[in-house]
Amino acid sequence: MKETFSKPLILAIDDAVIMLETIIAALGTDYKVYGMADPMKLEKVLQNLTPDLFLLDYNMPGRGGPELVPVIRSFEKHKDTPIIFVTSMRTFDHLSAAVALGACDFVAKPIKPDILREKVAKHI
């Protein structure tokens with residue numbers, strides 16, 4: 001009899017659809033990846049999904065990654081869920097702010113699939 005294990009679920013939020021496609025292509029073999037382009041719908045999505053890890057674009061119109069962290073942490077089940085920022089901003093201030101908000105890591109844009117896979121595997 002064949003055993004089946006469900007793949008960990010990753011919620012990727014990025015306003016650029018091409019970035020979501022890149023993330024799904026890089027991680028889709030090992031993980032279930034749910035891509036979301038509208039960060040304003042996060043609360044509604046989290047009522048129905050329980051991701052094992054979040055990938056958040058740092059800078060999005062309306063609501064960027066830093067504004068999404070408190071929303072994620074407001075759900076009891078996500079108090080300790082790993083959050084990785086995906087960003088083109090690589091200054092020390094941006095990175096230290098991300099960590100201060102509760103992110104466990106960051107991935108620089110343009111995304112290198114092997115680095116993304118390595119960082120996700122480390123935290124999931």
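Q: Are Asp57 and Lys109 buried or exposed?
A: This is a predicted model, in which local features need a pLDDT of at least 70 and side-chain atom pairs count only at a pLDDT of 80 or more, while totals for chains, interfaces and linings use all residues. Residues are numbered from 1 along each chain as its sequence is written, and side-chain values rest on heavy atoms, with hydrogens and water left out. A residue is called buried when its relative accessible area is under 20%, exposed when it is over 50% and partly exposed in between, using a 1.4 Å probe and protein chains only. By that rule, Asp57 and Lys109 are both buried.

Q: In which strand does Asp57 lie?
A: Helices (H or I, at least four residues) and strands (E, at least two) are DSSP runs, numbered from the N terminus. Asp57 falls within residues 53-57, and the run that spans them is strand β3.

Q: What is the relative accessible area of Asp57?
A: Asp57 touches Ile13, Asp14, Asp15, Gly64, Gly65, Val86 and Lys109, not counting residues up to four places away in sequence, where contact means heavy atoms within 4.5 Å. Asp57 counts as buried because its relative accessible area is 4%.

Q: How many residues apart are Asp57 and Lys109?
A: A salt bridge is a side-chain nitrogen of Lys or Arg within 4 Å of a carboxyl oxygen of Asp or Glu, and the side chains of Asp57 and Lys109 meet in one, at 3.1 Å from N to O. This pair links distant parts of the chain, with Asp57 in strand β3 and Lys109 in the loop between β5 and α5, and their separation is 52 residues.

Q: How far apart in sequence are the parts that Lys109 and Asp14 tie together?
A: Lys109 also forms a salt bridge with Asp14, whose closest N and O atoms are 3.2 Å apart. Lys109 lies in the loop between β5 (105-108) and α5 (113-123), whereas Asp14 lies in the loop between β1 (9-13) and α1 (17-27), so the parts tied together are separated in sequence by 95 residues.

Q: What is the relative accessibility of Asp14?
A: Leaving aside its neighbours within four places in sequence, Asp14 is in contact with Met19, Leu20, Met36, Ala37, Asp57, Met60 and Lys109. Asp14 counts as buried because its relative accessibility is 2%.

Q: Which residues do salt bridges with shared partners join into one network?
A: A search of the whole structure finds four salt bridges, and one of them pairs Lys119 with Asp105, the closest N and O atoms being 3.2 Å apart. That pair also links distant parts of the chain, Lys119 in helix α5 and Asp105 in strand β5, 14 residues apart. The network built through shared partners consists of Asp14, Asp57 and Lys109.

Q: At about what angle do α1 and α5 pack?
A: Two packed helices are described by the angle between their axes and the distance between the axes. Here axes are lines fitted to C-alpha atoms, for helices over the stretch in contact, and angles run from 0 to 180 degrees between N-to-C directions. The axes of α1 and α5 are 9 Å apart, and the packing angle is about 70°.

Q: Which residues of α5 make the contact with α1?
A: From α1, the contact is made by Ile23, Ala26 and Leu27. From α5, the contributing residues are Pro113, Leu116, Arg117 and Val120.

Q: What distance separates the C-alpha atoms of Tyr58 and Met89?
A: Tyr58 is placed in the loop between β3 and α3 (65-73), and Tyr58 is buried, with a relative accessible area of 12%. Tyr58 and Met89 are 31 residues apart along the chain, yet their C-alpha atoms are separated by 8.0 Å.
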